[in-house]
Amino acid sequence: MSDITTPAPIDFWFDFSSPYGYLMAEKIDDVAARFGRKVRWHPILLGIIFQATGSRPPVDGVSSKGNYMLHDFARSARFLGVPYKMPSRFPLPTQNAARAYYWLHGQDCALARRFARAVYRAFFVDDLDISAPDTVLDIAASLGIDRAALAAALQAPEIKARLKDECEQALAAGVFGSPHVIIDGEAFFGADRLPQIERWLESGGF
């Protein structure tokens with residue numbers, strides 16, 4: 001009998017309105033797979049996280065920091081080779097997309113992940129309004145998901161409760177922004193931590 005244990009999944013916390021979350025979403029599964037690891041995706045709502053932690057969104061459109069962040073979003077995407085277009089409406093509420101993800105995840109994890117990537121690309125490549133329920137339903141329908149069933153699920157109390165619970169779990173885990181990746185208790189914040197994540201997985205820590 002083998003005594004080799006399967007390593008715990010990596011936890012990936014993100015908001016669908018987060019540009020750096022989008023960049024991480026395009027890379028984290030492939031990085032993890034190279035080292036035999038799986039990833040648990042957790043969409044959350046940054047509004048709840050910021051309110052609980054007393055933080056503010058990094059982009060305000062007027063400060064030097066805000067202007068820098070807007071520049072860095074595009075530069076980081078070019079660096080990682082990920083298509084990117086700054087949305088004309090930013091940020092947006094993302095509860096409909098997050099609820100849809102959790103409903104789908106309860107049925108088909110792989111399909112839920114395809115949906116999550118499609119939502120991110122709809123926002124950060126195609127400049128679609130992912131806050132609108134119809135947009136979320138259109139994205140889902142393009143993947144063969146039952147539109148009417150999902151429309152009903154978006155208003156289901158249990159799905160709303162699931163998203164609230166995930167946000168509470170994120171806060172309990174020390175999550176304060178997006179993306180937040182936790183590997184065996186070690187937290188990495190930001191898409192620019194991908195090289196450190198790779199080294200950590202390769203070496204078992206440093």
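Residues are numbered from 1 along each chain as its sequence is written. In this predicted model, local features need pLDDT of at least 70, side-chain atom pairs count only at pLDDT 80 or more, and totals for chains, interfaces and linings use all residues, while side-chain values use heavy atoms, without hydrogens and water.

**Exercise 1.** Determine the strand order of the sheet and state which strands stand at its edges.

*Solution.* Helices (H or I, at least four residues) and strands (E, at least two) are DSSP runs numbered from the N terminus, and two strands pair if DSSP finds at least two bridges between them. The four strands form an open sheet with mixed pairing, in the order E2-E1-E3-E4. Strands E2 (39–43) and E4 (186–189) are at the edges; each has a single partner strand, so one side of each lacks a neighbour in the sheet. Next, E3 (residues 180–183) pairs with E4 in the antiparallel sense over four bridges. In this pairing, His 180 stands opposite Phe 189 of E4.

**Exercise 2.** Locate Phe 16 and decide whether Phe 16 is buried or exposed.

*Solution.* Phe 16 lies in the loop between strand E1 (10–14) and helix H1 (19–34). Its relative accessible area is 1%; buried means under 20%, exposed over 50%, and partly exposed in between (1.4 Å probe, protein chains only). Phe 16 is therefore buried.

**Exercise 3.** Identify which residues beyond four places in sequence are in contact with Phe 16.

*Solution.* Contact means heavy atoms within 4.5 Å. The partners of Phe 16 include Pro 43, Thr 94, Ala 116 and Phe 123. Ala 116 is 100 residues from Phe 16 in sequence, with 8.1 Å between their C-alpha atoms.
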